[in-house]
Amino acid sequence: MNRNRQTGSIEISGAGPAGLAAALAIAHGGGRACVHERRDDVGTRFHGDFQGLENWTRKTDVLAELQTVGIAADFEHTPINQVICYGPNGEIERKVHSQLPLFYLVRRGSEPGTLDCSLKQQALAAGVDIRFGETLRNLPAGGIVTEGPHRADAIAAGYLFETDMENGAWAIVSEQLAPGGYAYLLVCNGRATLASCLFRDFHNEKRYLQRSADFFSERLGVQLNNPRRFGGTGNFALPKSARKRNILYAGEAAGFQDPLFGFGIRFAIVSGAAAGRAQLSGDLEQYESFWKHRLRDYHKTAAVNRWFYERLGNRGYNRLLKHYPEGWDIRERMQRSYAPRLWKRIWYHLTVARHHTPLLNPRADCDCTWCRCSSSTRPSGA
Ligand SMILES: Cc1cc2nc3c(=O)[nH]c(=O)nc-3n(C[C@H](O)[C@H](O)[C@H](O)COP(=O)(O)OP(=O)(O)OC[C@H]3O[C@@H](n4cnc5c(N)ncnc54)[C@H](O)[C@@H]3O)c2cc1C
C-alpha cells in the first residue's frame with residue numbers, strides 16, 4: 001500500500017520540478033496525487049533568476065524529453081547556442097557555440113512565465129491536489145520525497161538586476177572568482193542574472209560574488225540596476241538506493257544533479273516523472289532500475305569530469321581555453337564527455353568514489369547551512 005488510506009492519493013513531499021513532474025506522471029496515468037509544499041507557493045527558493053535547462057547530456061532535445069513525460073514547454077524558454085567564455089584573468093576570450101541549443105534559459109520563481117509556475121498550472125489542470133504551507137515530516141503510507149537539497153556540495157550566490165544590455169550568456173573560469181566552478185552572466189530581454197557558482201571555500205561567497213560583479217562591470221560595462229541578491233545550495237551526492245521501503249527519492253533530494261557544473265532541473269524532472277510512474281504501477285524496483293540505468297552512469301562520468309576539472313586550476317583553465325578550436329560544436333563535445341565509458345567507470349571507483357570527501361571545508365565551529373555537517377538530517381534512504 002503506497003497511498004493515503006483516506007484520500008487514495010499518492011503523497012509527494014515538495015513542489016519543485018521533481019515533485020510536480022511526479023504528480024503530473026501520476027495524474028496522466030489516471031492516479032491521484034497530493035503534493036505537500038512547505039512554502040506558500042512554488043519556486044520560492046528562487047526569485048525570477050535565470051537558470052539553464054541543459055541540453056547537452058543527451059542527443060534528444062530536452063524539451064522533447066519533457067514532452068515524453070507529459071510536460072508542455074509553455075514556460076518562457078530562450079535557446080542559447082553561444083556562450084562567451086573568459087580565462088582566469090580575462091585575457092583569453094572564446095566563443096563557445098553549438099548548432100543546436102546548448103541550453104534553454106528559463107526563469108525560476110513563483111511569477112507567471114517561470115518554469116515553476118508553469119509546472120504548477122499544468123499540475124492543477126491535471127487535477128493534482130497541491131497543499132501549500134504543509135511541511136511533511138514523514139510518509140507512513142509511502143510516497144515520493146522531492147524536497148530539494150539537504151546539504152551543500154556547491155553553492156551559487158548572485159544578483160538579479162535590470163539592464164539594457166543585449167541578450168547573451170557569458171562565463172569566466174577562475175579560482176579567484178569561483179573556486180572549482182565558474183561565474184556567469186545571463187541577459188534576456190532587459191533582465192539579468194550574475195552569479196558565482198563555487199565548489200569550495202563557501203564561507204567567502206560574498207568576496208567571490210563581488211569579484212565576479214567587478215569583472216563583468218569592467219569587461220562588459222555591466223551596471224547592476226535595482227540589484228537583488230539570491231543564492232542557494234546544490235547537492236549531488238549519489239545515493240546507493242533511492243528507495244526506502246515504499247518511499248522513493250527524486251530530484252535533488254536524491255542528489256540527482258550534474259556534479260560537473262551543477263545543473264539539476266533536467267534530472268529532477270526526469271527522475272520525478274519516473275518515481276511517479278513507479279508509485280502508480282506499484283512496481284518500486286522499476287524506479288531503482290530506471291535511475292541506475294538512465295542517471296547513474298551520467299552522474300559518474302560527470303563526477304570523473306569534475307575530478308579532472310578540480311585539478312586544472314587557473315593554468316589549466318587558461319590552457320584549455322587557449323587551445324579551444326573555435327569551430328568546435330560544444331554540444332557534441334559535451335555529449336561525448338558525458339557519455340558513459342568503461343575507463344571512466346573504473347576511474348570513478350578507483351579515485352572519485354574511494355576518495356570521496358566533502359568538497360567544502362567547514363570550520364570546526366561551523367553550524368551554517370552550507371556545510372555537510374547538516375548531512376545527518378538527511379533521510380537515511382537516500
Ligand atoms: C542559485 C542556483 C542556481 C541554479 N542554476 C541551475 C541551472 O542553471 N540549471 C539547472 O539545471 N539547475 C540549476 N540549479 C539547480 C536546480 O535549481 C535544482 O536542481 C532543481 O530545482 C531541483 O529540483 P527539485 O524539485 O529536486 O528541488 P527544489 O527545486 O529545491 O524543490 C523542492 C521543494 O520542496 C519543498 N520542501 C522542502 N522540504 C519540504 C518538506 N519537508 N515538506 C514539504 N515541502 C518541502 C521546498 O520548499 C521546495 O519547493 C540551480 C540551483 C541554485 C540554488
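This is a predicted model: local features need pLDDT of at least 70, side-chain atom pairs count only at pLDDT 80 or more; totals for chains, interfaces and linings use all residues.
Of the 33 residues around the ligand, the nearest are Gly16, Gly148, Gly232, Gly251 and Gly264. Two or more residues of the shell come from each of helix 1 (17-28), strand 2 (33-37), strand 3 (50-54), strand 14 (225-234) and helix 5 (265-281). Sorted by class, the shell around the ligand holds 17 polar, nine nonpolar and seven charged residues.

The two domains that supply these residues are those into which the chain is divided, domain 1 (10-77 + 111-151 + 236-299) and domain 2 (154-234). Taken over C-alpha atoms, the centres of domain 1 and domain 2 are separated by 27 Å. Contact between the domains involves 12 residues of domain 1 and 12 residues of domain 2. On the side of domain 1 that touches domain 2, five residues are polar, four are nonpolar and three are charged.

The chain as a whole contains 16 strands and nine helices. Its radius of gyration is 20 Å, close to the 21 Å given by the globule rule for 382 residues, so the chain is as compact as a globular protein of that length. The C-alpha trace of the chain spans about 65 × 50 × 45 Å along its principal axes. Of the 382 residues in the chain, 47% are buried. Among contacts in the chain with a separation of 6 or more, 73% are accounted for by residues 24 or more positions apart.

Notes: Residues are numbered from 1 along each chain as its sequence is written. A residue is near a molecule or strand if its C-beta atom, placed from the backbone, lies within 6 Å of it. Helices (H or I, at least four residues) and strands (E, at least two) are DSSP runs, numbered from the N terminus. Ala, Val, Leu, Ile, Met, Phe, Trp, Tyr, Cys and Pro count as nonpolar, Asp, Glu, Lys and Arg as charged, and the others, Gly among them, as polar. Domain bounds come from an automatic or database domain assignment. Two residues are in contact if their C-beta atoms, placed from the backbone, lie within 7 Å. The radius of gyration is taken over C-alpha atoms; the globule rule is 2.2 Å times the number of residues to the power 0.38. A residue is buried if 20 or more other C-beta atoms lie within 10 Å of its own, exposed if 12 or fewer, and partly exposed in between; C-beta atoms are placed from the backbone.
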